[in-house]
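Please look over the sequence and the structure shown here before reading on.

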Amino acid sequence: MKFTLRLIAVLAAITAVFLFTTQGTKENEPLISPVPNSAMPGEGASPSGYETVSRPESGLSVLVGEGTEKLTEEFGRPDRIEPSMYGYEWWVYNRSENTYMMAGVQDGTVNQVYAAGVDLDVSPFSIREPMEEIYRYTIIEPEVSVEIGTSRYLFSLNGDDLEERLLVAYDGVYAQVYADREEGEVMAVRFVTPRVLVLHQPYEMTYEGHLIATEPLSSAVQIAADRAAEQQVMELTNVFRQRYELLPLKADAGVAVIARERAADAARSSRSEEGVGPLSDQLKLAGINYSEAGENIAADYVDSAATVHGWINSTEHRELIFDRKYNRQAAGVSNKVYSHLFLNRKEPAGSSE
């Protein structure tokens, strides 16, 4: 009996060593936002050379600038209300992948709507519409001007912007059309007020006058905003996986701690010579059993939606998001630094046994 127990113990040890030495991990290089972190003083926005285009009369854009009563009248109460890094709240509607959207709300007013669900009305566009159609009927300028009071701002779009994230000006509202470059179709649309567009600075920007900035967040609010961004990254990943008929990834609470540690390490490494250690080492130290694992890291994007969009338009990062072999995910965020982990695990999500 003792011999049998010893044999079982030896075989278990050999199996454990085999698992940890044959597991595959893929760690992509960090994806850094191509947009400068700070706007530059300049001539700002010159008066537009074309007539203002009237804003759409229907669809989600009509909610921007309205009170939340109109939002709740049409869509009901949100599934979650959570803080952002910019002082406004996110109202998240995640009842299904086909109707997934987030509305920015501040002082009882909707300041933006980000729509990723294919069944949502994002007139004059539509989700999954071919981008070549957008280029055919939309006025697209490489420079877009914004005036707020006596201040003027000028956004300059480069070649990648014009192919991946268009900026279209309407009367009183701006549309950011996010494209899936590989598929050549609309991936998501964000309608936003002039103030929030300037606050986000999602494109290269010069300004003349007052630069709009957010107030520093308390540590508690910053942590809450980071946790909200983590959930949004995972939800959006499943929205886009479902679009291409892939199974959703289950959130793995046991691995989330590692994702947060790696996001914090990546944030620190940007200010020092220390790098982020191998993912396989951290998974092994935590006793996480898996057959395959991968990681995407990103930094300095506007928010979770812009981050996922950036990954999808980067070949190596895209491969992890749409890889069929993964069934678990975990995300960690540390003040605009993102770690997104993908795993293939047999045991239930959250288990580290």
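Is Arg181 buried, partly exposed or exposed? With a relative accessible area of 35%, Arg181 is partly exposed, where buried means under 20% relative accessible area, exposed over 50% and partly exposed in between, computed with a 1.4 Å probe on protein chains only. The model is a predicted one, in which local features need pLDDT of at least 70 and side-chain atom pairs count only at pLDDT 80 or more, while totals for chains, interfaces and linings use all residues. Residues are numbered from 1 along each chain as its sequence is written, and side-chain values use heavy atoms, with hydrogens and water left out.

Side chains of opposite charge can pair when their charged atoms come close. Counting as a salt bridge a side-chain nitrogen of Lys or Arg within 4 Å of a carboxyl oxygen of Asp or Glu, the structure has 23 salt bridges. One of them joins Arg181 to Glu164, at 2.7 Å from N to O. This pair links distant parts of the chain, since Arg181 sits in the loop between strand 11 and strand 12 (185-192) and Glu164 in helix 4 (residues 159-164), 17 residues apart; helices (H or I, at least four residues) and strands (E, at least two) are DSSP runs, numbered from the N terminus. Glu164, in turn, is buried, with a relative accessible area of 9%.

A further salt bridge brings together the side chains of Arg260 and Glu230, at 3.0 Å from N to O. Because Arg260 lies in helix 7 (residues 253-269) and Glu230 in helix 6, this pair ties together parts that are 30 residues apart in sequence. Arg260 is partly exposed at 30% relative accessible area, whereas Glu230 is buried at 3%.

Tyr114 belongs to strand 7 (residues 109-115) and Tyr178 to strand 11 (residues 173-180), 64 residues apart. Tyr114 is buried at 1% relative accessible area, and Tyr178 is buried at 4%.
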